[in-house]
Amino acid sequence: MSFLHPEFLYYMLPPLFILFGLLLTQKDAEATFFSPEVMDRLRVSVDTLSLKARNVLFMLIGFLIIIALAGPVIKDGKIDVKAKSADIMIALDISDSMLATDVYPNRLRLAKEKALEFLKMAPTDRIGVIAFAKNSYLVSPLSFDHQAVAFLLKNLDANSITEQGTNLMAMLQVVDRSIKSKTRRYILLLSDGGDDKDFSKEIAYAKAHNITLFIIGIGTKQGAPIKMDNGDFIKQNGKIILTKRNDAIAQLATKTGGVYIEGVNANSDVKAMLHEIETKVKKKTMKSEAIEKYIPLFYYPVGLALMLLLFATSSMSKREKVEVPSAFLLALILFQTPTLKAGVLDFVDLKDAKTAYQKHNYEKAAHYFDDYAKKAKSGEAYYNAGNAFYKNKEYKKALRNYEKARFDNRSDRAKNYANMGNAYAKLGDEKSLKSAVEAYEDSLKLKEDKAVRENLEAVKKALQKRKKQNKQNKQNKQNKQNKQNKQNKQNKQNKQNKQNKQNQQNQQNQQNQQNQRNQQNQQKKQNQQNQQQKQENTKQQDQNKKKKDKKQQQKQQNKKEKNKKEKNAHTGEKIKSMKDKMSDAEEKKWLKALNMHQTSYLYKLNKQTPIKEDNNEKPW
């Protein structure tokens with residue numbers, strides 16, 4: 001028997017023995033005050049282990065755990081392990097036709113991404129890279145250092161060396177010269193096929209030199225124009241030409257023993273091609289190593305330690321508080337497995353969660369995945385919980401789980417970011433749409449994906465539409481507010497006008513009332529004047545009557561006087577003299593009466609001259 005990790009014995013057994021040696025040799029606190037005879041009389045016999053006995057058991061348990069950690073094994077012979085690998089040269093077409101944009105972002109960049117993905121999927125193969133058009137360029141020789149090959153491929157500025165034409169024969173010759181081997185050589189060709197329809201010469205050369213081609217066709221059958229650096233498209237006879245994928249190149253693959261696959265924007269074509277290559281390629285042994293085979297024995301000391309632990313804890317007294325030795329607790333803390341994230345029966349929960357998810361019971365699946373994620377604390381668990389919440393349309397909970405998911409693999413991180421973008425997009429508000437754009441961009445930085453790119457463009461359009469709509473709503477709100485303000489101002493103005501009109505009407509009414517009162521007063525005054533005039537007229541009439549009567553009397557008197565005159569001339573002469581003579585008072589009285597009845601008149605001195613009308617006359 002031997003130990004795989006004897007360092008545990010060297011570094012952990014001595015401290016264990018020292019610690020428990022101190023625990024076993026120390027005296028009880030009571031022993032410092034009483035003699036052993038007195039202590040024996042004071043003790044009460046119980047059916048439990050003593051403190052020292054339990055400490056001995058805990059020391060044995062710690063010893064057995066350390067033995068298990070040291071990894072006891074029994075040697076069971078040796079096994080020869082052989083490392084096999086295949087030599088694969090990636091041939092990347094960099095002709096002008098590869099600049100067509102019928103695939104995103106263009107054929108050349110898509111081919112580079114597929115070559116990089118192939119490097120990740122074939123870690124045990126020796127891979128090199130050749131770039132070719134009319135001429136061929138060695139980017140990297142065959143190498144197991146895939147990181148170096150990927151670095152050279154990423155920094156290949158193929159746009160500056162693109163050429164017209166696709167010379168496959170020159171590429172085959174370069175591969176034949178660069179791979180000096182009598183065994184079969186393999187080429188993974190990434191090309192749109194060029195313009196040739198007959199590849200008989202290339203097929204004959206490949207068969208003669210033991211070369212097998214696996215081809216991924218880049219581009220589409222519909223084709224696309226080729227855009228130059230200045231923004232113009234390549235024309236032929238004044239017309240823009242389209243370059244299409246040439247599927248005739250498939251015969252170069254099938255007749256040399258390889259496979260032809262039409263390229264897509266996803267990585268499914270690379271996975272399918274890798275599977276075909278592994279099926280058809282004969283790998284050669286690169287290294288052989290003998291590895292020792294062991295029979296593990298660690299479970300024996302672990303099982304015995306568990307039995308002793310049960311015995312030691314079951315023998316503790318139930319009448320007193322028993323504390324487990326601190327050394328044993330320290331051992332449990334130090335020796336526990338730190339990578340343990342889930343319980344032994346967690347697979348039952350995962351199975352139930354997957355079953356519920358497959359049956360579209362997303363609410364139940366989300367519950368199972370969420371519980372498991374909280375226990376396991378793993379990125380995949382949070383990711384699955386997020387997917388279940390997303391399917392159940394609980395997008396905020398899905399986002400919380402996606403944010404907790406952590407992956408070391410770039411592809412998994414890209415998927416997580418893409419799903420975060422989908423969840424943000426489902427929320428729909430402007431802030432969430434901005435977060436969705438950021439998540440999609442983070443995903444595309446890690447891994448190019450057509451669906452994610454399309455989602456990104458769709459969300460950007462939706463965000464622009466939302467911004468435009470918000471701007472329009474804001475403008476409409478502003479217009480509505482302005483209209484409301486204008487209406488309020490108009491209502492206020494109308495109210496003011498109405499108030500002014502009312503005030504004017506009240507003022508007019510007051511003026512009318514005042515005029516009416518004035519008129520009434522004037523009428524009253526006029527009536528009074530008329531009454532006074534009437535009284536004066538009546539008085540004057542009375543006076544006139546009196547004067548008439550007096551005149552009548554005077555006439556009668558004159559008649560009498562005349563009669564008397566006749567009788568007496570002397571007397572007549574005297575009466576005549578009195579008649580002609582009038583006193584001043586009587587004369588003033590008569591003048592006043594005449595002036596009161598005098599009336600004046602105005603007379604028109606000439607006829608009015610008629611005025612002729614003139615229709616052309618200015619209004620002023």
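A cavity here is a set of points, on a 1 Å grid over the protein atoms alone, where a 1.4 Å probe fits but cannot get out. Points are joined across faces, edges and corners, and a volume is the space filled by probe spheres set on them. The model is predicted, so to speak of local features takes pLDDT of at least 70 and side-chain atom pairs count only at 80 or more, while totals for chains, interfaces and linings use all residues. Residues are numbered from 1 along each chain as its sequence is written, and side-chain values use heavy atoms, with hydrogens and water left out.

Searching the whole structure turns up 1 cavity of 30 Å³ or more, and the largest cavity holds about 40 Å³ of space. Its lining residues (those with an atom within 4 Å of a point) include Thr 166, Leu 168, Asp 195 and Phe 199.

Then there is the sheet. Strands are DSSP runs of E, at least two residues long, numbered from the N terminus, and two of them pair if DSSP finds at least two bridges between them. An open sheet of 6 strands runs E5-E4-E3-E6-E7-E12, with mixed pairing. E5 (136-143) and E12 (260-262) sit at the edges with a single partner strand each, so one side of each has no neighbour in the sheet. E6 (residues 185-191) and E7 (residues 211-217) pair in the parallel sense over 7 bridges, and Ile 187 faces Leu 213 in E7.

Note on methods:
On a 1 Å grid over the protein atoms alone, a cavity is a set of points where a 1.4 Å probe fits but cannot get out, and a pocket is an open set with protein on both sides within 12 Å along at least five of seven lines; lining residues have an atom within 4 Å of a point. Helices (H or I, at least four residues) and strands (E, at least two) are DSSP runs, numbered from the N terminus.
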